[in-house]
Amino acid sequence: MKIGILTSGYLGVYILGEILSNFDVKFVLTDSNSHSILSLCEDNKIPYFKGNPRNGVGYDFIEKIEVDIIASINYLFLIEKDIIQHSKQLTFNIHGSLLPKYRGRSPHVWAIINNEKVTGITAHVIDEGCDTGDIISQIKIPISEIETGAELLNKFKIEYYNLILGVFKKLNSGKLELIKQDEQLSTYFGKRTPEDGRINWNWQKHRISNWIRAQAYPYPGAFSYVNNQKLIIDKVDDCSYGFRFDIENGTVLALIPNIVVKTPNGALEIKKSRQKFTIEIGDILI
């Protein structure tokens with residue numbers, strides 16, 4: 001079985017290494033910032049293309065390289081029909097949600113923010129839409145109450161390869177059954193940037209807590225400003241500290257043993273932050 005791989009990032013280099021141990025990889029398409037993937041390709045003498053593959057430039061690179069399967073794993077770019085149709089048997093993607101829910105970017109982060117208890121990963125045929133192709137198979141993955149985005153991604157890391165192997169086995173045995181996605185059940189969430197992490201202290205405290213843990217270290221982090229200084233927060237806990245309802249949300253209520261901040265429906269204690277500077281009772285996080 002000859003395989004082409006489209007992949008990026010930390011998750012991509014791990015899965016690529018697993019695939020290389022057992023299968024014949026003929027080419028890799030990646031992005032210019034995935035240095036570990038580029039090094040892995042060079043070490044294993046695999047032809048690779050780095051950068052946006054659209055407008056024919058990616059296809060020009062792979063046109064003369066025959067493959068049975070193209071697998072997209074954590075790849076940064078949408079691909080066009082020329083690459084989709086290049087494989088002899090199947091072009092598929094692994095997406096980090098239970099499609100048709102959470103199409104789009106960073107689905108595991110959005111799942112935590114939205115207080116989901118279960119997420120998963122989906123193998124699906126690639127079409128010209130965004131995560132809209134027929135479903136091949138799925139694996140459900142629970143989300144704990146304290147799990148961060150990075151910790152959830154580590155669960156994905158373990159299951160991605162198992163899901164890929166399952167697709168290969170179904171294809172080889174002739175038992176590949178496709179399920180169309182129900183458009184009425186679909187949801188879509190967009191790309192996140194570091195500046196999207198700003199905390200709104202007018203939210204209910206449970207949403208703030210989810211917002212923070214979803215983006216905790218090593219991700220860029222949820223943040224607020226206090227006295228014109230940026231405070232990145234990685235963990236908060238529920239706190240029973242009392243307050244008057246008419247105190248502004250985001251107000252610092254206490255400092256010992258940790259900073260306590262008011263929200264509309266209770267206080268939150270900041271357990272981990274990345275900066276240390278002087279904060280006083282009555283200061284307001286915005």
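Throughout this passage, buried means under 20% relative accessible area, exposed means over 50%, and partly exposed covers what lies in between, with a 1.4 Å probe and protein chains only as cover. The model is predicted, so local features need pLDDT of at least 70 and side-chain atom pairs count only at pLDDT 80 or more, while totals for chains, interfaces and linings use all residues. Residues are numbered from 1 along each chain as its sequence is written, and side-chain values use heavy atoms, with hydrogens and water left out.

Leu-255 is partly exposed, at a relative accessible area of 30%. Together with Ile-256 and Ile-281, Leu-255 forms a nonpolar surface patch of about 330 Å² accessible area. Patches are made of residues with over 30% relative accessible area and no salt bridge, joining like charges within 9 Å and nonpolar side chains (Val, Leu, Ile, Met, Phe, Trp, Tyr) within 5 Å. A salt bridge is a side-chain nitrogen of Lys or Arg within 4 Å of a carboxyl oxygen of Asp or Glu, and accessible areas come from the Shrake-Rupley method with a 1.4 Å probe, for which only the protein chains shown count as cover of residues. Ile-256 is also joined to Pro-257 by a cis peptide bond, with omega about 0 degrees, and Pro-257 sits in the loop between S12 and S13.

Helix H2 (residues 35-43) comes next, with Ile-37, Leu-38 and Cys-41 as its buried residues. These span an arc of only 100 degrees around the axis, which places them on the same side of H2; the arc is that of the directions from the helix axis to the C-beta atoms. Their packing partners are strand S1 (2-7), helix H1 (9-20), strand S2 (24-30) and strand S3 (48-50), where contact means heavy atoms within 4.5 Å. On the face turned away from the buried side, H2 carries the exposed His-35 and Asp-43.

Most residues other than glycine have a negative phi, and most peptide bonds are trans. Lys-45, in the loop between H2 and S3, has a positive phi of about 55 degrees and counts as exposed at 74% relative accessibility. Asn-227 has a positive phi of about 50 degrees and is partly exposed, at 43%. A cis peptide bond with omega of about 15 degrees joins Leu-99 and Pro-100.

Conventions
Helix = DSSP H or I, 4+ residues; strand = E, 2+ residues; numbered from the N terminus.
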